[in-house]
Amino acid sequence: MNNYDPKKAAAIWQRVQGQMESVPDISTLLTLISQEQEDAATYLHLSRQFEGKDAAALRQIAHQEQSHAACLRGIYALLTGKKPALHTPPASRENRQTLLRRCYGREMQSLAHYQARANDPQYGHIFARLAAQEQEHCHTLLHILGNQNN
């Protein structure tokens with residue numbers, strides 16, 4: 001230990017701590033999984049209230065949200081060695097305009113969570129991809145909202 005440099009050690013610890021902060025803690029990860037599952041159910045419910053391209057777009061978002069939840073469950077399994085036990089609440093039964101607005105807000109929250117973790121050395125590429133899809137979901141939701149007759 002004669003070659004111990006406190007400045008280098010501090011820099012290494014700072015880098016390690018920064019990496020640890022980018023991976024979500026287990027409770028945050030469980031929350032993200034639950035939200036993605038709930039969002040998938042909401043989009044599937046919403047898709048039944050629309051026709052044509054809008055219905056198809058909402059079904060596609062539902063499928064992608066299910067995929068997001070699966071990826072997050074995979075990260076959870078790698079971190080804990082366990083499968084998360086979560087219950088997905090039923091989709092909200094509010095009117096479609098209110099649901100679309102709520103979905104947009106949730107997409108923005110998810111986008112922020114994923115962008116904040118995009119530099120993670122192990123899962124950053126996954127979080128970056130999830131963020132990109134959430135951006136597309138926001139675009140699609142705004143398109144659908146903009147075409148609605150009040």
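This is a predicted model: local features need pLDDT of at least 70, side-chain atom pairs count only at pLDDT 80 or more; totals for chains, interfaces and linings use all residues.
Trainee: Why is the aromatic pair of Y114 and F127 called stacked?

Mentor: The ring centres of Y114 and F127 lie 6.1 Å apart, and rings pair if their centres lie within 6.5 Å. The angle between the planes is 25°, and planes under 30 degrees apart count as stacked. The pair is therefore a stacked one. A search of the whole structure finds 1 aromatic pair.

Trainee: What makes Y114 count as buried or exposed?

Mentor: Buried means under 20% relative accessible area. Y114 has a relative accessibility of 0%, so Y114 counts as buried. F127 is likewise buried, at 0%.

Trainee: How do you know that R106 and D39 meet in a salt bridge?

Mentor: The N to O distance between R106 and D39 is 3.1 Å, and the cut-off is within 4 Å; therefore the contact qualifies as a salt bridge. R106 lies in helix α4 and D39 in helix α2, so this pair ties together parts 67 residues apart in sequence.

Trainee: What makes the contact between R102 and E94 a salt bridge?

Mentor: The closest N and O atoms of R102 and E94 are 2.0 Å apart, which is within 4 Å, so the pair meets the criterion. R102 is partly exposed, at 42% relative accessibility.

Methods: Residues are numbered from 1 along each chain as its sequence is written. Side-chain values use heavy atoms; hydrogens and water are left out. Rings of Phe, Tyr and Trp (its six-membered ring) pair if their centres lie within 6.5 Å; planes under 30 degrees apart count as stacked, over 60 as edge-to-face and the rest as tilted. Buried means under 20% relative accessible area, exposed over 50%, partly exposed in between (1.4 Å probe, protein chains only). A salt bridge is a side-chain nitrogen of Lys or Arg within 4 Å of a carboxyl oxygen of Asp or Glu. Helices (H or I, at least four residues) and strands (E, at least two) are DSSP runs, numbered from the N terminus.
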